[in-house]
Amino acid sequence: MSGQEPTSCCAIKVYRLNHGTANEGTTSRSSQRLGPVNKPSMGCRADGQFSNSIARPRLLRVSRPCGNAYNCRVDNQTVSLQLIVRDMSAVTPPLHTLHSRHYRDNKFVYPVLSRRSKGISLGVNLNPDKICNFDCIYCQVDRRSEAETDFVDLQQVLDELRHLLEIATNGQLYADEPFCQVPEHLRRLNDIAFSGDGEPTTYRNFDEIISQVAQLKDELGLAATKMVLITNASMFHRPAVERGLALLDQHQGEIWAKLDAGTADYYHLIDRTKIPFQQILDNISAAAKIRPLVIQSLFMRVNSEPPTVTELEAYCDRLNEILTAGGQLSLIQVYTVSRTPAESYVASLSNQEVDAIATLVRQRTGLPTEAYYA
Ligand code: SF4
């Protein structure tokens, strides 16, 4: 993530309420294009409700089922009026924080505006069962709600991906909420990311899906589009995963491997897995000898405590050991918690703290390092 934020658009939405039912009317990014709208007009309050100024005061309740798709109800059975939301940014979180893994009726493929990618990333969720071999204390996956399916239907993955690749490249994706908010300069397809509700490389046919997605890219004339594997590196030693990584190498693949600690104790505290720390280090080191890896490292406050200097220095030592063993690391991404974590005792670091870690890593390893904030 570069820290480059999408600007919130000042969307104007018009709702026509007939007989107590709210129907979305015209949507425009410019009030000038709409022209005057029948009175009464409604003011938007920061608490997500609308109050009006017509003769008999009335409160409109507003819910936000997803993105900016606002629905309205009015406490009157037969009312006909128009509602103008003048500034959706007052009630709309920044789009890059909306990393919903749901898009329309899709089960496996979802678009997100990615700060790191500076564009649209199409996520492929190979873990719809929400099972992961890590249990990170900062994980954002909502495991309280039931999984929709625990079976990866390869053909459906490919169908959903084909459709999203098409609409992300022909512009149709930006016609509707919430992606109509994406600023022009970020309306670009950046990558296909294998990242979901668990560790993607635990998917049994990992090499097959990488192969099929690569073929699909070629067929659609998108061979140059990157494929990004976001992984905890725990399964790199499996033959099917080794084959999948090799296919990524041949098809514009990038591997972003997680490393959240410098010591085994801190690793187990943060990532809560039975997989030994040394296994992760060995896997990263072996994979990095074949191609350059991006390392993703998330640091946070745990019970109000940031990582100690000793821990951070040990983390830098692990990176240096990978380099000394002949591993190639193209980038270190230092970031912090930016969405609701699994555990309530986890909190984000300040921008200054993230910057200080990035500086330490740069100084002690000489590696290119980028900082991403909460
Ligand atoms: S590896 Fe990823 S999906 Fe698995 S628990 Fe950690 S953050 Fe969540």
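Q: By class, what makes up the shell around the ligand?
A: This is a predicted model, and in it the shell has five nonpolar, two polar and two charged residues. Among the residues around the ligand are Cys132, Phe134, Asp135, Glu199 and Asn232. Asp135 and Glu199 count as charged because Asp and Glu belong to that class.

Q: Why is Tyr315 called buried?
A: Tyr315 has 28 C-beta neighbours inside 10 Å. The cut-off for buried is 20 or more, so Tyr315 counts as buried. You will find Tyr315 in helix α7 (residues 309-324).

Q: How do you know that Tyr315 touches residues beyond its sequence neighbours?
A: Leaving out residues up to four places away in sequence, Tyr315 touches Ala261 and Gly262. Ala261 is 54 residues apart from Tyr315 along the chain, yet their C-alpha atoms are separated by 5.6 Å.

Q: What makes β8 and β17 edge strands?
A: The open sheet has eight strands, in the order β8-β9-β10-β11-β12-β13-β15-β17, with mixed pairing. Strands β8 (109-114) and β17 (369-371) each pair on one side only.

Q: Why do β8 and β9 count as paired?
A: Six bridges join β8 to β9 (residues 119-124). At least two bridges are needed, so β8 and β9 pair; the two strands run antiparallel. Within β9, Leu122 is the bridge partner of Pro111.

Q: Which residues touch the most other members of the largest nonpolar core?
A: They are Val109, Leu122, Val124, Leu161, Ile284, Leu293 and Val334, out of 76 residues in that core. Helix α2 (residues 154-170) gives the most to this core, with five residues.

Definitions and conventions. Residues are numbered from 1 along each chain as its sequence is written. This is a predicted model: local features need pLDDT of at least 70, side-chain atom pairs count only at pLDDT 80 or more; totals for chains, interfaces and linings use all residues. A nonpolar core is a set of buried Ala, Val, Leu, Ile, Met, Phe, Trp, Tyr and Cys residues joined through C-beta atoms within 7 Å. A residue is buried if 20 or more other C-beta atoms lie within 10 Å of its own, exposed if 12 or fewer, and partly exposed in between; C-beta atoms are placed from the backbone. Helices (H or I, at least four residues) and strands (E, at least two) are DSSP runs, numbered from the N terminus. A residue is near a molecule or strand if its C-beta atom, placed from the backbone, lies within 6 Å of it. Two residues are in contact if their C-beta atoms, placed from the backbone, lie within 7 Å.
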